[in-house]
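Subject: Structure for your files, with notes

Dear colleague,

Here is the structure I promised to pass on. My notes follow below it.

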Amino acid sequence: MFDPKSFIEEQISDISEIQDKAVVGCSGGVDSTVAAVLVGKAMGSRLLAIYVDTGYMRKGETQQMDELFSEIGINHKIIDAREEFYEAMVGVIDPEEKRKIIGNKFIEVFEREAEKFGADYLVQGTIAPDWIESGDGVRETIKSHHNVGGLPDIMNLKLIEPLRDLYKDEVRTVARELDLLTSERQPFPGPGLAIRVIGEATPERTEMVREACSIVEEELEAAASKGIIELPWQYFAVLLPVKTVGVQGDKRAYGNTIAVRAVSSLDAMSARFSSIPIEVLEKISVRITNTMKNDVNRVVYDITDKPPGTIEWE
Ligand code: XMP
């Protein structure tokens, strides 16, 4: 049985041996936040948490993270790198290439900031499914999750990966033990919304999926708090590279398609699509098409398990 208390004690005692400085990149997800707080407790001001706004973050996330780190008292810095990331993604449509580019940019920004801070270590929120699914000699590569496959070989910071042997549910028990507000937050991929825009993740298309993801989150969380559904393990929207014909007022429209995805899972290794009541899905559909009248005119629901699908579409 996994014991979060002794896990935390062991990690803090091991990591506090390190006398050099470290930086941690926080994307707002549970994993990186828990890793940052663990290392922060061990190293105090020898740790700098760097939040990079890549432009592919969830709605309101940057401000929330700033507030969270201030509350916990972790030494942190917010970097607005949106322009830089958007530029790097021009013309990129291949999912693996997206991961590599975003992973490399992340490291580039880290290294820049790490150098300024004088750090020797990079803390990462890598968890077991990340490296198992990225091959690492265990299985064939399915997706190169960016905190593994995207790392450039030339990276000259040493790694601290306190969550490397944990599965998602174990990370959440650690988060709860640490009293973190994010402990109940659903997982979010390192490359962020870039892999939820199928095709080129332009600023405009990213804005659409950011809005759609936020609507899906709000509606499913509202339905869960009313007891209509159990909150799915992960739930979001995907913007498809498909335009379809619709009607707007009494005119023909030609707009984008949003796919809604909600799954239950234990550890992301397998997943089952969630049976969401049709009324809840209808509300999501109506809100998305009303909010983005000029951009989106069709919403579909994904009823694929993993396997044969994966949770994300890219
Ligand atoms: P898939 O789509 O492979 O996702 O079934 C399994 C879990 O991993 C998340 N995911 C990622 N996380 N970098 C990450 O840190 C990535 O590149 C990445 N791709 C997928 C996904 O959201 C799900 O929770």
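Are H1 and H2 parallel, perpendicular or oblique to each other? First, the ground rules: this is a predicted model, in which local features need pLDDT of at least 70 and side-chain atom pairs count only at pLDDT 80 or more, while totals for chains, interfaces and linings use all residues. Residues are numbered from 1 along each chain as its sequence is written, and side-chain values use heavy atoms, with hydrogens and water left out.

Helix H1 and its partners

The axes of helix H1 (residues 4-15) and helix H2 (residues 30-43) cross at roughly 55 degrees and come within 8 Å. Helices (H or I, at least four residues) and strands (E, at least two) are DSSP runs, numbered from the N terminus. Axes are lines fitted to C-alpha atoms, for helices over the stretch in contact, and angles run from 0 to 180 degrees between N-to-C directions. H1 and H2 are therefore oblique to each other; under 35 degrees counts as roughly parallel, over 145 as roughly antiparallel, 65 to 115 as roughly perpendicular and the rest as oblique.

On the H1 side, Phe 7, Ile 8, Gln 11, Ile 12 and Ile 15 meet Leu 38, Val 39, Lys 41, Ala 42 and Met 43 of H2, where contact means heavy atoms within 4.5 Å. By class, this contact of H1 with H2 has 8 nonpolar, 1 polar and 1 charged residues. Ala, Val, Leu, Ile, Met, Phe, Trp, Tyr, Cys and Pro count as nonpolar, Asp, Glu, Lys and Arg as charged, and the others, Gly among them, as polar.

With H8 (168-177), the axis of H1 comes within 9 Å and crosses at roughly 80 degrees. That makes H1 roughly perpendicular to H8. Pro 4, Lys 5, Phe 7 and Ile 8 in H1 meet Thr 173, Val 174 and Glu 177 in H8, and the residues of this contact divide into 4 nonpolar, 1 polar and 2 charged.

Two buried residues

Arg 196 is found in the loop between H8 and helix H9 (203-225). At 2% relative accessibility, Arg 196 counts as buried (buried is under 20% relative accessible area, exposed over 50%, partly exposed in between, with a 1.4 Å probe and protein chains only). The side chain of Arg 196 makes a polar contact of 2.8 Å with the side chain of Glu 312. A polar contact is a pair of N or O atoms within 3.5 Å; within protein, one must be able to donate a hydrogen and the other to accept it, and residues adjacent in sequence count only if both atoms are side-chain atoms.

Met 208 sits in helix H9 and is buried, with a relative accessible area of 9%. Leaving out residues up to four places away in sequence, Met 208 touches Leu 239, Asn 256, Met 292 and Asp 295.

Backbone points to check by eye

The peptide bond from Lys 306 to Pro 307 is cis, with omega near -15 degrees. Another cis bond joins Pro 307 and Pro 308, with omega about 15 degrees. Pro 307 is in the segment after strand E9 (296-301).

Asp 179 is not a glycine but has a positive phi of about 65 degrees; at 69% relative accessibility, Asp 179 counts as exposed. Ala 268, also not a glycine, has a positive phi of about 75 degrees, and at 19% relative accessibility Ala 268 counts as buried.

Regards
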